[in-house]
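This briefing covers one structure in short grouped points. Please keep the sequence and the coordinates open while reading.

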Amino acid sequence: MTAARPARLRTSAGFLARAWRYELRQLVRTRLYVFLAVLLPLILASMAFYMFRGSGKQDPPMAVALSAALMGMWSSTLLGSGNAITRLRLMQLLEPLVASPRSTFLVTLPFALATSSLGIYGLLITLLWSALLFDMPLHLEHPVLFLTAVPVTVVALGMLGLLMASAFILYPTAQSLANFFEFPVWMLSGMLVPVSSLPDPVQNVSYLLAPTWGVKALTGAAVGGGDPLTAIGMCLLLTCFYLAVTLLLQRRFEWLARSSGTLALQ
Amino acid sequence: MAGTLQWDARSSVTWRLFFVAGWRSYLALFRWLRPSAFIPTVIGVPVVQLIWAVHLGRYLGAYPSDYYVVGNALHACAMAGLFAPAHSIQGERYGGTLTALLATPANRAVMFGGRVLPAVLTGAFTSAVMLALGSALGWVHIAPGALPLLALTLVVTALSCSACGLVVGAIGLRTREATFLANVVLYSMMLLCGVNIPFSWLPGWLAALGHAMPMSQGIEAARRVLSGAEGVPGLLGWELLKAAVLVGLALYLLRVLERGSRANASLDDV
């Protein structure tokens, strides 16, 4: 019994690594996803810089660039996680995968991890684009904190995407809802516009979103101000919370999808 | 007599091909128009985009809210306009029916033109809903007298976007990347067509590119209609001209790329 557990953990870790690599390869061969991961952050960064410069708003350029990068990262994560389940459904693989003895969570987790990993590339390319085209100084106030905040934020976005994508297991048409959550999360997380400019009740919702803390952590670490360490901690805490909720939801959705027979529906 | 009957039958088939087949193709896009798929896509996303843009615009403080409401309301028609014609061709490919469709002797201009009409109507309807929402929230004032010209502006802009969608769909005959292209165009419009950024804030070459893209004159026309400024017919004329050029280009591409797809046996590529 005790010997079986490490073996199972090893198998699961191996499965995760292989599935992540496989999904990553699939994603980089999908032009739509490459657009979302690479081109979209550049379009958003350009839009943000032209809007802020034209209006004369004096926000730090690094904060604008980071917000634009996170906007692109969220769009690609949301679509990537959801698309993966829709793709399995279209290829008629969702049903056998859910029927397999491995947990559905383990099957879907690599999708979120792979989309998030490409998000790091999107972040780097956005910073480079902003430095080259918009003369943004590439200076980080707290480089170590920044390098810690990046993976924490990326995983947080991935987990939030996976949490939302869980519904796609149950509802074949839920993919159309994915795009709906793009702009609200941009707005609620304080990307480009600070959370403090939102009405008070809405701000409470913002603080339940891990990306809000991700924005605070990255901006604080890059341009100074705020408390990036607390923000990183909050981001981690909320990511763990999303993980637990996703596990519960997926179990429930899987049961409902099996009993209503919607897994094979397209 | 027989000739007349034959002519009547051909004419009836043409009308059916344009209206009925076009509409059914559009229904199929939304899995036969399930509200759970249609409403979030066509109404939900533009609503949240509009709210986001007004929120951002107020923070920047450079223009009043109505600037962002008009820009984003008209940008809303691009989603239906670009994706519906593009997906209606891509959807045939994924459904395995593209080969059968292109094996028919049906007139291509009528067949694919029919797929644009529902997109134009839906696009104009979405923009109208967004403007009504902006008006209900007090972000934009629409004088009753401006409604007919505003409605015409919405239809012309939606037509221009749908014509661009047909070009994207035509390219989808040869490649599998119609969705990719439609996304590139959609987000580029947000940057270049005066949706949220005035042309004077863009570098000259980007502004010129924006002026040449569909929708830019339509947005400017809508802003002028609401402010009572002159020059609307000229702007709508330009937008219509762009739509006509795009339709011509789409029909040419459909013919050339259909031939190429047959020659390369790439119609069934998924």
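A:N179 sits in the loop between α7 (175-178) and α8 of chain A. The model is a predicted one. In this model A:N179 has 19 C-beta neighbours inside 10 Å and therefore counts as partly exposed, since a buried residue needs 20 or more.

**Surroundings of A:N179**

- Leaving aside residues up to four places away in sequence, A:N179 touches B:T41 and B:V45.
- Within its own chain, A:N179 has its C-alpha atom 7.3 Å from that of A:L79, although 100 residues of sequence lie between these two positions.

**The contact between chains A and B**

- Chain B contributes 31 residues to the contact and chain A contributes 25 residues.
- On the side of chain B that touches chain A, two or more residues each come from α2 (35-60) and α8 (178-192) of chain B.
- Helix α2(B) gives the largest share of that side, with 13 residues.
- Sorted by class, the side of chain B that touches chain A holds 18 nonpolar, 10 polar and 3 charged residues.

**Chain B as a whole**

- Chain B is built with 11 helices and 0 strands.
- The radius of gyration of chain B is 19 Å, close to the 18 Å given by the globule rule for 270 residues, so chain B is as compact as a globular protein of that length.
- The C-alpha trace of chain B spans about 65 × 45 × 40 Å along its principal axes.
- Of the 270 residues in chain B, 47% are buried.
- Among contacts in chain B with a separation of 6 or more, 78% join residues 24 or more positions apart.

**Packing of α2(A) against α5(A)**

- Two packed helices are described by the angle between their axes and the distance between the axes.
- For helix α2 (residues 31-55) of chain A and α5(A), the angle is about 40 degrees and the axes are 9 Å apart.
- The crossing in which α2(A) passes α5(A) is right-handed.
- From α2(A), the contact is made by A:A37, A:V38, A:P41, A:L42, A:A45 and A:F49.
- From α5(A), the residues in this contact include A:L118, A:G119, A:Y121, A:G122, A:I125 and A:W129.
- The residues of the contact of α2(A) with α5(A) comprise 11 nonpolar, 4 polar and no charged.

- A:D135 has a phi near 50 degrees, which is a positive value in a residue other than glycine.
- The loop that holds A:D135 runs between α5 (104-134) and α6 (143-170) of chain A.
- Is A:D135 buried or exposed? A:D135 has 9 C-beta neighbours inside 10 Å, so it counts as exposed, the cut-off for that class being 12 or fewer.
- A:L192 also has a positive phi, near 75 degrees, and is a residue other than glycine.
- The place of A:L192 is in the loop between α8 (182-188) and α9 (200-206) of chain A.
- A:L192 has 27 C-beta neighbours inside 10 Å and so counts as buried, the cut-off for that class being 20 or more.

Technical notes:
Residues numbered from 1 in each chain as written. Chains lettered and ligands numbered in written order. Predicted model: local features only at pLDDT ≥ 70, side-chain atom pairs only at ≥ 80, totals over all residues. Contact = placed C-beta atoms within 7 Å. Helix = DSSP H or I, 4+ residues; strand = E, 2+ residues; numbered from the N terminus. Nonpolar A, V, L, I, M, F, W, Y, C, P; charged D, E, K, R; others polar. Rg over C-alpha atoms; globule rule 2.2 N^0.38 Å. Axes fitted to C-alpha atoms, helices over the stretch in contact; angles between N-to-C directions. Left-handed = near helix turned anticlockwise from the far one by under 90°.
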